[in-house]
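I opened my notebook to look up a few things in this structure. Ligand first, then aromatic rings, then the backbone.

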Amino acid sequence: MCGIVGYIGPKNAYPILIKGLKRLEYRGYDSAGIALSNGDIRLFKKPGRVSDLEESINGNDISGNIGIGHTRWATHGEPNQVNAHPHYSQNKTLAMIHNGIIENYSSLRAELISRGHVFLSETDSEVLIHLIEDIQQSEGLGLVEAVRVTLNQVIGAYAIVILAKSDNDTLIAARKGSPLVIGIGENEHFIASDATPIIEYTKQVVYLNDEEIAIIPRNGDMKIITISDQKKTPYIQKLEMNLTAIEKGGFEHFMMKEIFEQPHSIRDSMRGRLRIEHEKISLGGISEYEGKMAAAKRIIMIACGTSWHAALVGEYLFEDIARIPVEVEYGSEFRYRNPIINEDDVVIAISQSGETADTLAAIRLAKAKGATIIGICNVVGSSITRETHAGSYTHAGPEIGVASTKAFTAQVAVLTLMALRLAQMRGTIERSRFHFLLQELDQIPSKVEEALKVNHQVIEISKMFLNTRNFLYLGRGYNFPVALEGALKLKEISYIHAEGYPAAEMKHGPIALIDENMPVVVIATNKGTYDKVVSNIEEIRARKGIIIAIVTKGDTTVKRLADYIIEIPETEEMLVPLLATIPLQLLAYHIAVQRGCSVDMPRNLAKSVTVE
Ligand code: G6P
């Protein structure tokens with residue numbers, strides 16, 4: 001979703017801003033723009049890619065060592081040049097970039113129009129910068145004070161950066177609900193939606209908190225005040241990320257790199273936590289809350305998108321081995337349906353970015369009602385991690401491809417560790433079985449490596465389906481969420497319609513779709529309901545559907561029935577999602593690449609969905 005970048009310091013701002021915008025492309029956007037200043041503010045905006053913007057700027061004056069840049073993901077108004085950010089204030093004394101949504105923008109806009117303001121765009125953001133200038137001029141306030149007064153009048157979410165024509169030695173930034181991080185260099189500052197544009201310049205950062213305004217000078221220290229005018233001391237943190245983690249490293253796409261990183265990302269997410277020699281699982285981040293979790297009458301898992309699929313695997317795991325009832329909720333549904341929550345409830349929020357607006361709002365609601373909130377997030381210092389009581393990070397490293405891959409398997413790995421830990425505490429698992437499962441889990445990274453070897457075979461299979469319009473994905477038990485995730489991957493990046501279904505439910509509807517043109521991906525691994533799945537495959541075969549089966553190595557039964565077979569290594573049933581997901585990620589990837597789709601930045605999608 002919208003990306004923000006800003007620079008103030010001794011260097012030319014333009015190359016830093018353009019590079020920063022390219023780093024932020026992964027968040028998803030449809031237009032881009034830059035404002036530079038050396039006395040006069042110059043705006044450059046363009047629909048399309050950052051490279052289109054760059055091309056359109058060629059030959060213009062790009063001097064100036066203060067500037068702001070933005071990638072816009074359209075909410076109010078279509079993605080055209082006028083609606084792209086930055087936006088000017090009425091008298092062009094200010095330019096602003098904004099991420100978030102100003103919910104009361106239409107009443108503010110009507111009021112400003114009645115006072116003679118003329119708006120060029122359809123955006124809510126333009127209203128905000130007009131209001132700031134209006135308050136500044138009508139009440140004779142300095143810019144910081146005008147920003148503060150304005151932000152007290154707006155309802156909604158914002159991360160903003162303001163460039164003032166009259167002061168080329170200061171940038172003003174503020175946030176509520178949308179992320180903003182400020183990098184501190186040698187006599188220079190960098191501002192961005194996340195750390196990726198900053199990492200190559202400095203590792204010292206300050207994450208702005210909600211309702212904080214940062215006054216960022218060219219030289220000297222930044223100051224922070226809240227919108228209720230309290231002074232805050234900036235809390236400087238060190239970034240752990242390194243540059244190679246956000247570059248492609250020889251792969252054609254980030255998604256492919258991230259798929260192939262999974263042996264490491266799963267291992268990293270279990271490192272120091274899975275301690276076979278001590279027959280122990282240590283999850284330091286939640287140690288103070290483990291007792292509460294183990295005693296919970298129910299656990300509610302809240303997430304969106306792929307993380308919601310990880311939560312479904314979590315439900316199976318927690319109920320199966322820890323015997324704790326689990327409810328899985330979409331953030332967006334949970335918050336608007338008057339849910340029953342009390343102080344005994346434990347909520348686990350699962351999010352790669354830690355910024356998803358619906359998940360964030362849902363945990364705020366649950367927290368206000370007294371529930372204990374545990375996070376499973378990938379981005380260190382993100383909003384969700386700061387609002388939870390405790391949590392366990394997934395250590396998947398930065399995930400740049402919009403379609404989530406390594407974050408999903410890392411989430412499932414952490415959920416597996418949590419389920420095993422709670423099972424041990426609650427005495428719902430035999431010691432020998434616990435020990436055996438730890439050993440099996442420990443082998444998962446090398447089995448993922450093995451599973452990745454089907455890559456070439458998957459390329460060949462994918463060639464058969466480049467013009468297919470629909471796909472069905474089926475699985476049962478632990479493999480049902482895997483089917484959902486496989487279907488989501490395909491539709492996200494190849495734009496082929498795909499549905500995931502519990503295999504047995506096929507006969508209640510989707511079976512009507514099956515004919516000789518319908519490919520059906522069936523996850524038919526050798527444990528649990530294997531025989532039942534084989535019957536489902538027979539049903540598809542009887543209707544001439546094309547069967548692509550994911551099976552356990554050495555399978556012979558399904559091999560006889562399926563048109564295409566992809567093998568994964570043998571493992572325990574509860575660990576199968578960590579392996580069965582791999583060929584489905586590869587299948588989606590190769591189909592999308594061969595269809596010429598923009599794999600890392602699929603149309604209309606955003607990596608981090610910071611609006612409701
Ligand atoms: C977006 C992304 C998905 C992601 C979902 C939830 O839709 O494109 O890949 O699964 O948001 O994001 P989160 O960061 O909360 O896991």
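Here are my entries, in the order I made them.

**Ground rules.** I am working with a predicted model, where local features need pLDDT of at least 70, side-chain atom pairs count only at pLDDT 80 or more, and totals for chains, interfaces and linings use all residues. Residues are numbered from 1 along each chain as its sequence is written, and side-chain values use heavy atoms, with hydrogens and water left out.

**Ligand shell.** Helices (H or I, at least four residues) and strands (E, at least two) are DSSP runs, numbered from the N terminus.

**Ligand oxygens.** I then checked N and O atoms against the ligand. A side-chain N or O atom of T356 is 2.4 Å from a ligand oxygen, and one in the side chain of S307 is 2.5 Å from a ligand oxygen. For Q352 the atom is a backbone N or O, 2.7 Å from an oxygen of the ligand. The protein covers 91% of the 380 Å² of accessible area that the ligand has on its own (Shrake-Rupley method, 1.4 Å probe).

**Aromatic rings.** My search of the whole structure gave eight aromatic pairs (Phe, Tyr or six-membered Trp rings with centres within 6.5 Å; planes under 30 degrees apart are stacked, over 60 edge-to-face, the rest tilted). I noted F465 and Y564, edge-to-face at 5.7 Å centre to centre and 75° between the planes. F465 is in the loop between helix 15 (455-463) and strand 23 (470-475) and Y564 is in strand 27 (residues 564-568), so this pair ties together parts 99 residues apart in sequence.

**Backbone.** I found a cis peptide bond joining H85 and P86, with omega about 0°. P86 lies in the loop between strand 4 (66-72) and strand 5 (87-88).

Definitions and conventions: Polar contact = N/O pair within 3.5 Å; in protein donor to acceptor, adjacent residues only side chain to side chain.
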